[in-house]
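Hi everyone, thanks for coming.

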Amino acid sequence: MHLKEVGCISDQTILHHITYAVLYSYVMSCISLLLDVKHIEDEIFSETRRKIKEDDTHASLRKGQYYYYERTLNGKEYVRHCRRLVPTDGHITVYDVMPIGPDAPDEHIILDENVKAEGHAYYSIGAFKVSPSGKLVAYGEDTNGDETYTLYVIDVESGKYVGQPLKGVTSDIEWAGDDYLVYITMDSLHRPDKVCLHKLGSDQSNGTCLYHEKDDMFSLGLQASESKQYLFVRSESKNSSFIFHIDILKQNKQLLVLTPRLYGIDTTASHRGNHFYIKRRSEEFYNSELVACPLNNVAEATVLLPHRESVKIQDFQLFENHIAVYERENGLPKLTVYGLPASGESVRQLQDGRVIDFVDPVYAVEPEESQFRSSIVRFRYSSLKTPPSVFDYDMDSGVSVLKKIDTVLGGFDASNYVSDRTWAASSDGTQIPISVLYREDLVKLDGSDPMLLYGFGSYEVCIDPSFSGSIFSLVDRGFVYAIAHIRGGGEMGRKWYEDGKLLKKKNTFTDFIASAEHLIERKYSSKEKLCIHGKSAGGLLIGAALNMRPDLFKAAVVEVPFVDALTTMLDPTIPLTTAEWEEWGDPRKEEYYYYMKSYSPVDNVKAQEYPHILVTAGLNDPCVMYSEPAKFVAKLRELKTDDNLLLLKCELGAGHNSKSGRFEKLREDAFTYAFILKALSMTQKEWL
C-alpha cells in the first residue's frame, strides 16, 4: 500500500486511508483539541513568539570588500540577505565589527526571501553562493518542500536575473570562476546522480555532464575547498565514498580522481598550498585518520592525526596557516586548533594543539563559514540552556570573542535551568548517555514531573543537546526534557553507529526503552507522565518502542515516520530505497527480511493498548512517503484496544521538514505541545 509515483495520489487505497484519517483527525481535533486546548495552543504560540527578537541581524561575515549578513524583520517569516562595504582595509581580527548607523556604508539588500515567497505556501532557499568577484549570486529555490531546487543567478547590484534558471537541481552548487557554475541533478528516484558544468548565459541543455554515477547505491555531493581553488565531487554510499577534484584555476574544467573507489573506505578532502588534506575512514581506522598528500602525488600520504579508539574525527577546516579539527570524545563535541608549516614546506604530524574549552556539561558545537586567509575560526555554540552563539576564535592568540548570541526576550534567565547528563544501562550493559534539561524551581524529581524524551539513533547522526526556544513552553510548565543518545547515532563514535544498524538495529530500540526506564527509576518522571518524540528514522524508533513497550509511555509524537520499513525496502522503485540497504539491510535476502519484519512498526502493531499518539506526514515528502504514516495510523486504528487519542496531521503543502516559515514552525510546535498537555490532562488554567 505505497505509491510508485512521487508526489502523486494514484493509489485509491492510500487515498481512502488519507481521507478517512484526515477527516477523523479533523473531527477529533475540533472536539478533543479545539474546544478543549485550542487556547493552550494559542497561548504556547504567543508566548514562544514573544520570546523572539523578530527584527534582528545575524552575525556578519567579512568576505573581500563586503560584510555579508542576514536580517529578520518584524512580522516576516523569512530572512533578507544583505551586505555592506568594509570601510577600511586591514587584516580580519576577532574584534572586527561591521559598522552600522548613519555614518556607516549603506546596507544593500541582495535578496529578500519574503518577497520571493509571496504566492507560495512553502518557500526555502537551499543555497546562497556569492561569485568570486562579488558581482553575482546563485541561489537554489524550493517552493513545495520536495527538496528539488530551481537555481537562479542574479546581479547583486541590480537584482536582475542573469541567464535562464536551472531546474531539477540539488542544494549543492558552487562557482567555478565567475563564468561557470557546477551543480548536481537527480534521477527519477530523487538520487543525486549527475554533476554538471554550466556556462553563464547558455541553456541548461547545453551544459556539460562531468560525471554520471550509475550505481544506485551511491549519491553525489559537491564542496569547495576553503582555498577556493578546488571543487570536490564526492560519490558516497552509507559505507564508502570516493572523490574527484576540479582545479578551478585551469581553463579545462575536468574531473580528476583524488581517492579511489574502494568498498569500506570513506574519504572527504580539502586543499591548502601544495597539499590535499584527506579525512579517511576504513574498517581498521573506524574513527578516521587525517592525512595530507602532495598535489602531484596523492599516493604519498603523511599522517597528521592518527586513528584513535576513543576519539572520532568529525570534520576539519583549513586556513592559510592553521587547521581546526572537530572531534567527538566521550559523547561530546571537541574543537582543537593547530598551527601548520608555511605553504610549500613539508607537512608533519600535528602537535601542540590548543583545545577550546566549553562551559556547559552538555552542548553542541558546529563549524561556521570562516575566511581562509585569516587566523580566525568561527563556530556556533549552544546548549540546552544557552541560546545559539557565534564566536570568533583567534588561533594565534587564543582569544575568543562572542560575535552574536540570539536574544531571548521575556526575562529568560539561563541560571534558572539545569542541564546535565546521566547514563542508562541498556539490556546488554552498554552505557547510554542522556542529556537532561529542567527548571530547578519547578520540578520535584520525585517521579511526579512530566517529561518529554526525544530520540533518533540512525545514520550516524549526532543529536547534540542544542538550544530550542520552543521547548521552554514545556520546561516552564514543569517538564523535564531529555535526549537519549542511543546507538545508531554517531555521538560515541563510529562503532556506536555500527552497533545500531543492519542486524543490530534493535539495539537502538532497547537503548531507548532502557533510557526511559532509567529516567523513571531515577525519579525524573513516571510511566503516567512520560511522553516520547521522534522524527523520520526517529519515528521508526518511536513506532518500534510503542509496539514493544506501550505500557511505558503516556503519549507519543511520531513525526514523518519511517514506519513501513520492510515494504519500502522491498521496493527499489521508491525514492532512496537502494541507497538505504546499507543502513537497514536488503530484505530481498532472507536474513534481513525476517529481521526487519520483526521490528518494522507497521508489521508489528498488535491488539493491545497504546498511549495517546500524534502522527504527522507531508504530502510532498521526498524522504518518507506520506503513505507510511497513513498506513501506520490505519493499522493502529484497526487493532488497538484503547480509546486514547490517535491523530494523523498531514501537511498538504510541505515535505519532510514541514512548513517553511519561522512562525509557521512555532505554530506546529504549539500544536504538538498542546497535544502532549491534553494527553497528560494538563489543560487546566493552573498549568498556563
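Let me begin with a term: buried means under 20% relative accessible area, exposed means over 50%, and partly exposed is in between, using a 1.4 Å probe and protein chains only. What we have here is a predicted model, in which local features need pLDDT of at least 70 and side-chain atom pairs count only at pLDDT 80 or more, while totals for chains, interfaces and linings use all residues. Residues are numbered from 1 along each chain as its sequence is written, and side-chain values use heavy atoms, with hydrogens and water left out.

With that term in hand, look at tyrosine 459. Its relative accessible area is 26%, so it counts as partly exposed. Tyrosine 459 also has a positive phi of about 65°, although it is not a glycine. Where does tyrosine 459 lie? You will find it in the loop between β31 (451-455) and α3 (472-475). On those labels: helices (H or I, at least four residues) and strands (E, at least two) are DSSP runs, numbered from the N terminus.

Leucine 576 is another residue to look at. It is not a glycine, yet its phi is positive, at about 75°. Leucine 576 sits in the loop between α7 (565-570) and α8 (577-584), and its relative accessibility of 28% makes it partly exposed.

Now, let's go inside. In soluble globular proteins, nonpolar side chains tend to be buried together. A nonpolar core is a set of buried Ala, Val, Leu, Ile, Met, Phe, Trp, Tyr and Cys residues joined through side-chain atoms within 4.5 Å. The largest one here has 131 residues, and Phe512 and Ile676 have the most contacts inside it. Helix α11 (residues 662-679) gives this core its largest share, 10 residues. Which residues does isoleucine 676 touch, leaving aside its neighbours within four places in sequence? They are Leu452, Leu474, Phe479, Cys531 and Val557, where contact means heavy atoms within 4.5 Å. Another core, of 15 residues, lies apart from it, with Ala292, Leu318, Leu350 and Phe372 among them.

Leu318 takes us to strand β21 (residues 311-318). Since 6 of its 8 residues are buried, β21 is largely enclosed by the rest of the structure. Two strands pair if DSSP finds at least two bridges between them. β21 runs antiparallel to strand β22 (residues 322-329), joined by 7 bridges, and leucine 318 stands opposite isoleucine 323 in β22. These strands form a hairpin with 3 residues between them.

Next comes strand β8 (residues 149-155), where 6 of the 7 residues are buried. On one hand, β8 is antiparallel to strand β7 (residues 136-142), with 6 bridges, and aspartate 155 in β8 stands opposite leucine 136. The hairpin of β7 and β8 has 6 residues between the strands, and glycine 145 there takes a positive phi near 90°. On the other hand, β8 pairs with strand β9 (residues 166-175), again in the antiparallel sense, over 2 bridges. Here leucine 151 has leucine 166 in β9 as its bridge partner.

That's the tour, so let's open it up for discussion.
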